[in-house]
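Hi everyone, thanks for coming along. I'd like to take a few minutes to walk you through a structure, so let me put it on the screen.

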Amino acid sequence: MVQTPSPFVYWAQDADNIYLKVDLKDIEDEDIQLDKSSMTMTAKGVGAHGPSKYKFTLHFFNDLASDDQVHVIKTSPRAIEFTLKKASSSWWSRLIKHQQKPAWLKIDFERWKSEDDDQSDSNIDGNSPRDVMGDYPELFEKLKKDEFGYVKEDFKKVYLVFYNLTQFIFYTYILVVIGIRWMKEGADSTPGTYEAVGAVLKFAQLIQYLEVMHPFFGYTKGSPLFPFLQVTGRAIVLFVMIEAESRMQTKPVVTYLIIVWSIIEIIRYPYYIAELYKKNIGFLTWLRYTIWIPLYPLGILCEFVIILRNIPYFEETERFTISMPNPWNVTFHLPSLMRTYLLFLLLPGMYAMMTHMYKVRAKKLGHSREWKKKFS
């Protein structure tokens with residue numbers, strides 16, 4: 001079904017009136033439906049999409065006057081203009097009720113009047129032309145900020161949707177490749193899993209650091225600390241424990257870890273997209289805050305095995321180990337750090353992460369009875 005395009009609509013105001021200009025040339029068969037709370041216009045004309053049928057609907061921020069005689073409509077070869085009387089004398093913070101402004105709705109920053117006025121310095125009321133910028137500088141500055149604020153808001157939403165969708169595609173690709181290889185070769189496919197999907201996995205993991213930066217940019221709420229710890233922990237396992245040791249790449253446990261990570265992500269990213277559009281998909285929300293209960297311990301167990309089996313490899317190669325003497329007079333023994341992590345840090349880290357996720361789950365899903373009502 002082809003959607004009817006909307007023309008550009010420019011608006012301005014004073015304390016008593018709303019001024020609209022619909023950017024359409026050679027208008028024909030216009031149908032205008034106007035009441036105190038909304039306006040719908042359908043017409044044929046030449047606009048941003050060329051010759052076509054155009055349509056738009058506005059749900060006004062406040063009510064208009066109910067007397068139709070105070071509303072003035074003027075048509076010219078280049079546009080159709082409206083002067084709409086407000087129900088009460090006041091300034092509107094925006095034209096429409098919804099905070100999300102459609103792309104075709106623009107603020108008319110300059111004063112304007114129809115080109116077929118007989119007097120060059122007159123407007124619809126016969127007075128001097130409207131000058132929103134000069135007469136109401138504070139309002140103009142607010143409207144200008146709102147206009148560019150809308151652009152920023154639109155960009156933020158588009159960017160976040162693109163980022164989450166991209167990550168979802170990456171991790172879906174990884175699971176599909178693993179699944180196809182398993183169907184063809186069975187368990188014999190696991191030694192080649194990392195070689196098959198490693199490049200995509202590494203890229204997806206690197207750009208996850210954007211999620212650490214999103215709170216700083218104001219794109220998401222919350223502290224960047226937990227995303228940083230989670231993303232960095234994964235990056236260390238992937239790039240230090242797996243990528244740096246080729247013998248570990250062929251172990252089945254690496255395949256299992258990649259599967260666990262990917263399942264978590266193909267649920268997490270669609271949930272974030274639904275949140276951006278304020279869509280409450282009950283099953284997806286439940287899955288997002290429940291699937292971690294079995295998968296996080298499985299993932300940590302896989303990481304434990306990978307680190308444990310890597311200890312003799314790193315002792316043999318001395319990779320990432322710094323021995324004395326050296327210009328910095330420091331020493332660093334990676335296998336010792338790996339043992340310390342497994343003995344003293346892994347379980348507290350797992351406890352902290354599970355506790356954090358449990359609190360988030362309780363906040364999102366609430367008590368079981370309340371959630372059952374929402375889910376039903």
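**Salt bridges, strands and patches**

Let me start with Arg339, which is partly exposed, with a relative accessible area of 34%. Bear in mind as we go that this is a predicted model.

What does Arg339 pair with? Its side chain meets that of Glu315 in a salt bridge, at 2.4 Å from N to O. Arg339 sits in helix 10 and Glu315 in helix 9, so this pair ties together parts of the chain that are 24 residues apart in sequence. Glu315 counts as partly exposed too, at 36% relative accessibility.

The side chain of Glu316 forms a salt bridge with that of Arg247, at 3.1 Å from N to O. Arg247 belongs to helix 6, residues 246–249, and Glu316 to helix 9, so here the parts being tied together are 69 residues apart in sequence. Glu316 is exposed, with a relative accessible area of 56%, while Arg247 is partly exposed at 30%.

Now, are Glu265 and Arg234 buried or exposed? Both are buried. They form a salt bridge as well, with the closest N and O atoms 2.8 Å apart. This one links distant parts of the chain: Glu265 is in helix 7 (residues 252–276) and Arg234 in helix 5 (residues 225–243), 31 residues apart. In total the structure holds 8 salt bridges, and those that share partners join Glu211, Arg234, Glu265 and Arg268 into one network.

Let's turn to the strands. Strand 1 (residues 9–13) and strand 2 form a hairpin with 3 residues between them, and they pair in the antiparallel sense over 5 bridges. On its other pairing, strand 2 runs antiparallel to strand 7 (residues 80–85) over 6 bridges.

Last, the surface. Asp26, Glu28, Glu30 and Asp31 gather in a patch of negative charge. Asp31 is placed in strand 3, residues 25–34, and is partly exposed at 39% relative accessibility. There is also a nonpolar surface patch of about 570 Å², made by Phe320, Ile322, Trp328, Val330, Phe332 and Leu337. Phe332 is in the loop between helix 9 and helix 10, and is partly exposed at 32%.

Terms used
Residues numbered from 1 in each chain as written. Predicted model: local features only at pLDDT ≥ 70, side-chain atom pairs only at ≥ 80, totals over all residues. Heavy atoms only, no water. Pairing = 2+ DSSP bridges. Helix = DSSP H or I, 4+ residues; strand = E, 2+ residues; numbered from the N terminus. Patch = residues over 30% accessible without salt bridge, like charges linked within 9 Å, V, L, I, M, F, W, Y side chains within 5 Å. Areas by Shrake-Rupley, 256 points an atom, 1.4 Å probe, with all protein chains shown as cover. Salt bridge = Lys/Arg side-chain N within 4 Å of Asp/Glu carboxyl O. Lys, Arg positive; Asp, Glu negative; His and termini not counted. Charge placed at Lys NZ, Arg CZ, Asp CG, Glu CD. Buried < 20%, exposed > 50% of the residue type's maximum accessible area, 1.4 Å probe, protein only.
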